[in-house]
Structure formats: C-alpha cells, structure tokens
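Thank you all for coming; I would like to take a few minutes to walk through one model with you. Please have a look at it first, and then we can go through its features in turn.

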Amino acid sequence: EWLGDVAGADLLGARMKAPLSARGEVRALPLLNIAMGKGTGIVTSVPSDSPEDYIALMDLKNKAAMREKYGLADEWVMDLEPIPILEMPFPAAAGNAEVV
C-alpha cells in the first residue's frame, strides 16, 4: 500500500529501530558513495566491513561543516564508534589490535 513520497533529505537524523544492533536504535546519516539513482538510496553503514563506510563516519565526526550542511546534531554523530568484532593478539610489546 502506497502511503506517500518522502525525500531522502527529510530522513537525515531520523531515528530508526535496529533491534539486532547493540544500540537498539540508529539514526539516518548521509553516505556520499552510494548511487542515488538506484533503489531507495538508503543503505546500512558497516564500518567493520567497508573502509568507505568507516571513512564516511570519520568525516562526519571530524568535519563540523559537513554535519551542519546535513543538519545533523553533534550528539547524533560524535559518540558513534564502530563496534570491534575481532581482537588480534600480538606479542606484548606490540599490544593488541581490534578489527572494526
């Protein structure tokens, strides 16, 4: 059933339930490397699997002008951290490395 049209820009910052995530809720954030002419233009961002997604998150965190351009509140972005999924043990002198 068609309910209406929504511009993607109107979804930026919207809260979405993510029952299987560690956070339970996520916000819609811009991802500039997707093709807007295909599908909905809404995709999941998985910094642990995609270097482009990690870079996009770091850009939003490090560039206040970018957050302002898209109307994103600092608190929606600044506390976001990728969730480590693996830990790689190294010799004690090197420390451990997390894979995110």
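This is a predicted model: local features need pLDDT of at least 70, side-chain atom pairs count only at pLDDT 80 or more; totals for chains, interfaces and linings use all residues.

Of the 100 residues of the protein, 19% count as buried, where buried means under 20% relative accessible area with a 1.4 Å probe and protein chains only. Residues are numbered from 1 along each chain as its sequence is written, and side-chain values use heavy atoms, with hydrogens and water left out.

The protein exposes about 7,700 Å², of which carbon and sulfur atoms supply 58%, the areas coming from the Shrake-Rupley method with a 1.4 Å probe.

As for the fold, there are three helices and four strands, taken as DSSP runs of H or I with at least four residues for helices, and of E with at least two for strands. Along the sequence they follow the pattern β-β-α-α-α-β-β.

How do strand 1 and strand 2 run, and how many bridges join them? Strand 1 (residues 15-18) and strand 2 (residues 24-27) run antiparallel and are joined by four bridges, where pairing requires that DSSP finds at least two bridges between two strands. The two form a hairpin, with five residues between strand 1 and strand 2. Within this pairing, M16 stands opposite V26, and K17 has E25 as its bridge partner.

Notes:
Buried means under 20% relative accessible area, exposed over 50%, partly exposed in between (1.4 Å probe, protein chains only).
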